[in-house]
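The points go from the overall build to single residues.

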Amino acid sequence: MTEPKSDIPGVIAPPPLIFLGYLIAGIALEYLVVRTQGLDMPGSLRWTVVTLFVLAGAGLIIAAMMRFRIAGTPAPPWQPTTAFVAQGVYRWTRNPMYLGMTLIYIGLTVAANAPVAIWLFVPLILTMHYGVIVREERYMADKFGVAYVNYAHSVPRWL
């Protein structure tokens, strides 16, 4: 007898914790091990960049979560999805929450003046891609079939 297929995508960890883990690791490496020269960015420019990135990221996350609420489906990937959302910000990107988390991550690395955390950006995105996004997309295609596959072919994964 085969096990019933789980009704969750099976991501490796909650995405906010993945971003937070990389951020903490990058800042810790910056200040405890590597000790670079920092970003060499004037303070006013640095805080402008931080503000813009964090606000833009938070805005994307809020807009995406509102769309999930309107659709009546949970946002956390450890809960079963009841609908896929293709309206609002989801018309431009399939992953606005992860794009928002990425912008916040970059903003916080600039705030911490931690280039090492920026160096961890590529492994972070690879972890998100293979550990979260590919799994979610496979789950959505299995659950919603042709409608989701057509959506995925017409809307970019990031931008």
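Predicted model: local features only at pLDDT ≥ 70, side-chain atom pairs only at ≥ 80, totals over all residues.

1. Residues are numbered from 1 along each chain as its sequence is written, and side-chain values rest on heavy atoms, with hydrogens and water left out.

2. As for overall dimensions, the C-alpha trace spans about 55 × 35 × 25 Å along its principal axes. Of the 159 residues in the protein, 36% are buried, where buried stands for under 20% relative accessible area, exposed for over 50%, and partly exposed for what lies in between, with a 1.4 Å probe and protein chains only. A contact requires heavy atoms within 4.5 Å, and among the contacts in the protein with a separation of 6 or more, 81% are accounted for by residues 24 or more positions apart.

3. Helix 1 (residues 15-34) packs with helix 5 (residues 121-154) at an angle of about 160°, their axes being 10 Å apart; the axes are lines fitted to C-alpha atoms, for helices over the stretch in contact, and angles between N-to-C directions run from 0 to 180 degrees. That angle makes helix 1 roughly antiparallel to helix 5, given that angles over 145 degrees count as roughly antiparallel, under 35 as roughly parallel, 65 to 115 as roughly perpendicular and the rest as oblique. The crossing of helix 1 with helix 5 is right-handed, a term used if the near helix is turned clockwise from the far one by less than a right angle, with left-handed for anticlockwise.

4. Which residues make this contact? Helix 1 contributes P15, I18, F19 and Y22, and helix 5 contributes P123, L124, T127, M128 and V132. By class, the residues of this contact are eight nonpolar, one polar and no charged, with Ala, Val, Leu, Ile, Met, Phe, Trp, Tyr, Cys and Pro counted as nonpolar, Asp, Glu, Lys and Arg as charged, and the others, Gly among them, as polar.

5. Aromatic rings deserve a separate point. Rings of Phe, Tyr and Trp (its six-membered ring) pair if their centres lie within 6.5 Å, and planes under 30 degrees apart count as stacked, over 60 as edge-to-face and the rest as tilted; by this rule there are seven aromatic pairs. The ring centres of F19 and Y105 are 6.4 Å apart and their planes stand at 65°, so this pair is edge-to-face. F19 belongs to helix 1 and Y105 to helix 3 (residues 96-111), so the pair ties together parts that are 86 residues apart in sequence, and both F19 and Y105 are buried.

6. The rings of F84 and Y148, with centres 5.6 Å apart and planes at 90°, are also an edge-to-face pair. This pair links distant parts of the chain, 64 residues apart, since F84 sits in the loop between helix 2 (43-71) and helix 3 while Y148 sits in helix 5. Are the two partners buried or exposed? F84 counts as partly exposed at 22% relative accessibility, whereas Y148, at 7%, counts as buried. Together F84, F144, Y148 and Y151 form one aromatic cluster.

7. Leaving aside residues up to four places away in sequence, Y148 touches F84, R94, E137, M140 and A141. T81, in the loop between helix 2 and helix 3, is buried with a relative accessible area of 11%.

Definitions and conventions
Helix = DSSP H or I, 4+ residues; strand = E, 2+ residues; numbered from the N terminus.
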